Amino acid sequence: MRYVNTYGIIKKRLGHLLLLCISIFFPREILGQFIPKKDGDFRIAVLACIRQFEPVPAFASYVESNPDLCLWIGDNIYADAENDPAWIQTCYDSLAAKPHFQALRQDFDFMATWDDHDFGFNNAGKEYHLKKESKAIFRKFWGLENTIPNSQDGIYYARKFKLGEKTLQIIMLDTRYNRDSPGTNSDVLGINQWQWLEQELREESDLILIVSGFQILLDRHSGSETWDKFPKAKQRLFNTIREAKAENVLFLTGDQHYGEVCRLRNTLDFDAVELQFAGLNQIEDPEFNPHRVSPAIRSKHSIAIIDIQMETSKEDIPHLLFQIANSETGQIEVTYRVNLNEIALGIDFSGPTQFANSSQVTLNHPYPNLNLHYTLDGSEPTESSPLYSRPISLASTTTVKARLYMKDNKTRSKVFTRYYEKLIPISPKIHKKRNLLKKGLLYEYFEGNFATLPDFNLLKPVKKGKTSQINLKEIPHRDDHFAVRYTGFITLQETGVYQFHLTSDDGSKLYVANRLVVDNDGSHSVRRKTGLIALEKGTHPIKIEYFDDYQGQSLSAGYQKEDGKTATLSAEMLSH
């Protein structure tokens, strides 16, 4: 728990007042608002490679960007203490004295790891003779003494963040304390950290950020430090992720004094994506990198932001947005988006989920290094289950289950399930007084502000009446914010499977034989949706519900028979 005294509160408020004064005299975008944050997004500030004895104007931009979490990912100071651990503390003291640093550390949640220069010496690894002293200074400065045990061989740790119903896991690696000198069989993490990492990756999470002080996907021929100079350890990292059945994994790295995005196809079965940024107050020319999939930044004073949307919204699917900008001008130099479904395993179950006589199911997946095993009897697939190689024929209602396996028969994914139903035609509703049926449908008209279809049974209609067909023009209504419910019967001349469709602006639902067939609910522009139902020849109950939110209204309905012929719901078919 962070201790905040009265002096600290006054100091914080004075700092915010100073920022307000600065914003009066300088363009607002200089303070970081050039990267707007959407409501509901989780914002991560990425900070690395800071020359503590030089100005760091980016700190002010980070404060103004209002992050939910600050990730200090290495080279947070440049100590390079060959023999004197007190110099490391002096460098941290200089960092702490920087304008806006205290606001970043006290006002915002944070996590921290190190790279070589704050570990203690350039390119140092496990041989660094002051590493225990450096670890003690690091734990104390960042307030991690209760998080990182003194007995632990390094500063690695992880945290989880609850974002709505989803979980974000951040794993901070220590790539220095146990690192060998570069070589084909050299290690990076050490046995204890490898075991810990495997346990962390087996935890239930919806998105995992693995933070490494230096790059993972940078090619060894670049000349800089990279996991590619430790090929056995790099492959072990990828294998550990795969064998832990981890998905939605992204790498976040530093070290290089610029920013970029790297991507390797199918490396984790899905693509390995690395977001790289380091250099709040320094810049260098980017090295040759065949895996780069974004521009590399050119500004000396930079700010890097990750915005995460974990839930599906009205406008967008879950995704991560990585942006780097010049903190002095506000110019965005890198924008890279990763939809979370790009870094998750999935199977495409083709074929309609409802059918009349028989159906064929195709199981598609884009993972060349994985095998797909399936079952049709409801049991969980194992490595002994049938190996998928061609479309599956179904003649009855079936639950298809499938799971991805690695070539050595180790499980790689969860079980994917799809239910396929053979439809049995529903008998018609025989009206006791069939001769009393009249042409057209009954309607009820309601008014109110609706975002989805309401429970009409709880509302009192403004008016009721009869209409010959499903056409909003036949019902007097106001321009916006109203709803209509149609009820009656539909008479069909043939037994078969019918594909009904509803096209509406805004939401609508279609029920036939007291079953929901088409769900087109929600506030939206003109949109068409379909649904299947098997019906015997005769007269069946029908109900259509509709609401209008604003800016345009429309509603139409129809169906398609097994022979492919389409038709509207004509007045001759409808009765009440």
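These legends accompany several close-up views of a predicted model.

**View 1. Helix 2 and the residue that follows.** Here is helix 2, residues 58–65, a mostly covered stretch in which 8 of 8 residues are buried. The buried residues are Ala58, Phe59, Ala60, Ser61, Tyr62, Val63, Glu64 and Ser65. Follow the chain just past the end of helix 2 and you reach asparagine 66, whose phi is positive, at about 55 degrees.

**View 2. The second largest pocket.** This pocket has a volume of about 630 Å³. Its lining is made up of 23 residues, with Ser205, Asp206, Glu247, Asn248 and Lys414 lying nearest the centre. Which strand gives the largest share of the lining? It is strand 20 (residues 411–422), with 3 residues. By residue class, the lining holds 9 nonpolar, 5 polar and 9 charged residues.

**View 3. Cysteine 49 and cysteine 91.** The whole structure has 0 disulfides. Cysteine 49 is in none, and the nearest cysteine sulfur, that of cysteine 91, is 14 Å away.

**View 4. Aspartate 68 with lysine 37.** The structure holds 23 salt bridges, and one of them joins the side chains of aspartate 68 and lysine 37, at 2.8 Å from N to O. Aspartate 68 sits in the loop between helix 2 and strand 2 (69–72), and lysine 37 in the loop between helix 1 (6–25) and strand 1 (42–47), so this pair ties together parts 31 residues apart in sequence. Aspartate 68 is partly exposed at 30% relative accessibility, as is lysine 37 with a relative accessible area of 31%.

**View 5. Aspartate 180 with lysine 126.** The side chains of these two residues form a salt bridge of 2.7 Å, N to O. The pair links distant parts of the chain, 54 residues apart: aspartate 180 is in the loop between strand 5 (166–172) and helix 7 (191–201), and lysine 126 in the loop between helix 5 (116–119) and helix 6 (131–141). Is aspartate 180 buried or exposed? At 18% relative accessibility, aspartate 180 counts as buried, while lysine 126 is partly exposed at 44%.

View 6. Lysine 543 and glutamate 545 meet through their side chains in a salt bridge of 3.9 Å, N to O. Lysine 543 is partly exposed, at 26% relative accessibility, whereas glutamate 545 is buried, at 8%. Elsewhere, salt bridges with shared partners join Asp115, Arg176, Arg179 and Glu225 into one network.

Conventions. Residues numbered from 1 in each chain as written. Predicted model: local features only at pLDDT ≥ 70, side-chain atom pairs only at ≥ 80, totals over all residues. Heavy atoms only, no water. Buried < 20%, exposed > 50% of the residue type's maximum accessible area, 1.4 Å probe, protein only. Helix = DSSP H or I, 4+ residues; strand = E, 2+ residues; numbered from the N terminus. 1 Å grid on protein atoms, 1.4 Å probe; cavity = no way out; pocket = protein on both sides within 12 Å on 5 of 7 lines; lining within 4 Å. Points joined across faces, edges and corners; volume = space filled by probe spheres on them. Nonpolar A, V, L, I, M, F, W, Y, C, P; charged D, E, K, R; others polar. Disulfide = S-S within 2.5 Å. Salt bridge = Lys/Arg side-chain N within 4 Å of Asp/Glu carboxyl O.
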